[in-house]
Amino acid sequence: MVFGTYVLDTATHTTRAIVLVTTLALIALCGDTVAGHRRETEFVVLVQLGALGSMLLGGAADLILLFAAFLLASVPLYALAGWAKQGTATEAALKYYLAGALAGVTTLAGVTLLFGVAGATGYAGVAEGITRGPGGAAAVGLVAVLAGLAFKAGAVPAHFWVPDVADGTPPAVAAVITTLPKIGALVATYRLLDSAIPADVVDWPLLVAILAAASMTLANLAAFAQTSILRLLGYSTVSQVGYLLMAVAVAGRAPLAQPALLFYLAAYAFTNVAAFAVVAATAQRSIDGHRGLARRDPLLAIAFVVALLGLVGTPPTAVLFGKLVVFTAAVDGGLVWLVVLAVLNTVASLFYYLRVIAAAFTAPDTDTDTDTDTDGATGSVVHVVHERSGTRSRPWARWTALGTAAVSLLLGVCAGVVLAVVGTPP
């Protein structure tokens, strides 16, 4: 414990490791977008500041530090969303900022209420003091704080900005915004609920379970109708948060809850980066634009299959084992109904992921196709013509896609060892 506000434990160390390795992968992914740009340093610094905020969120054990970490994980990414200075990026950044400003004010109000009820900001003091205060005020304060953390994680009902930002920014930027903040936000939510809020004062397990159910279900339903691969992946990230919240809902009630959350976060981070990296490498923003990818670049197509089937949770990818451990923890915690709903959503999600995979392995209709992309040097929208005989691949994005897809497979193969490291009981 650092000055009673920042905890150094397995969850914190694992969070920092996941964020660090993910940040390195994301900076590599962004190489094609920012290399040689006059604002390259600004871009990398913004990514690193967002990563630092995510690390602080994961170890925060004080409400004041939690809010400070929330701001550090948010403000740099607002600027990052509008970094390209193109029309869609500016609109996406504005939506992201306005949603974040509302979430920030709501979080601060919740922190104030919890402090007023408990008379302390440290989690240990909050856990002790909240039992003596009015339960209704504590519940309102907790809901307000959870609203802010739901925004950072991209969970329902604070998810509406996610597909707009994913579709309105360059794929490399979308990968950063849909990956880094979720890691810290979900660990922070777990720690807050497990350490500071007694379930007999506020029935937060039911509240989080409802949020998990809504996130996975609504996002899957919305993903079916998408024609933009980036919007589809945006909704996919929202559904993944629903599965991750299942582990949070049984915090303190299931021994597997924390290691399941940490392992799933690692699996999700690499798999999500791999999916966005393929889109960045092909420079195609639509699903149909990926037709013939298997013929143009077989290795990249394999990485795409690994990433998309990995997000579903198929063997031997890491997300499969993450889901299995999360489902086991949820059953141990008495949330069988949520596990049944999660299994149904997993099966349903297979159909829209297969639609993308089918396009990649389908012969193109013409010899060339035209799509729009963001120019890394000017930030302007340009028309890119792709020869069907060979995709104009971007090397940094391509190698990042191949590397992160390989890590996703490696995590799946070594799932038992990794789970043991993050604290799975014998």
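## Around helix α9

The buried residues of α9 are W161, V162, P163, V165, A166 and G168, where buried means under 20% relative accessible area with a 1.4 Å probe, protein chains only. That makes six of the eight residues in this helix (residues 161-168), so α9 is largely enclosed by the rest of the structure. Helices here are DSSP runs (H or I, at least four residues), numbered from the N terminus.

A word on the model: it is predicted, so local features need pLDDT of at least 70 and side-chain atom pairs pLDDT 80 or more, while totals for chains, interfaces and linings use all residues. Residues are numbered from 1 along each chain, and side-chain values use heavy atoms, leaving out hydrogens and water.

So what does α9 pack against? Its axis comes within 8 Å of that of helix α13 (residues 229-249), crossing at roughly 145 degrees; axes are lines fitted to C-alpha atoms over the stretch in contact, with angles from 0 to 180 degrees between N-to-C directions. On the α9 side, V162, P163, D164, A166 and D167 make the contact (heavy atoms within 4.5 Å). Their partners on α13 are L230, R231, G234, Y235, T237 and V238.

| Cis bond | Omega | Loop |
|---|---|---|
| V156 to P157 | about 10 degrees | P157: between α8 (135-153) and α9 |
| P315 to P316 | near 0 degrees | P316: between α16 (298-312) and α17 (318-332) |

A283 has a positive phi, near 60 degrees, without being a glycine. A283 sits in the loop between α14 and α15 (293-296), and counts as buried at 3% relative accessibility.

Note on methods. Buried < 20%, exposed > 50% of the residue type's maximum accessible area, 1.4 Å probe, protein only. Helix = DSSP H or I, 4+ residues; strand = E, 2+ residues; numbered from the N terminus.
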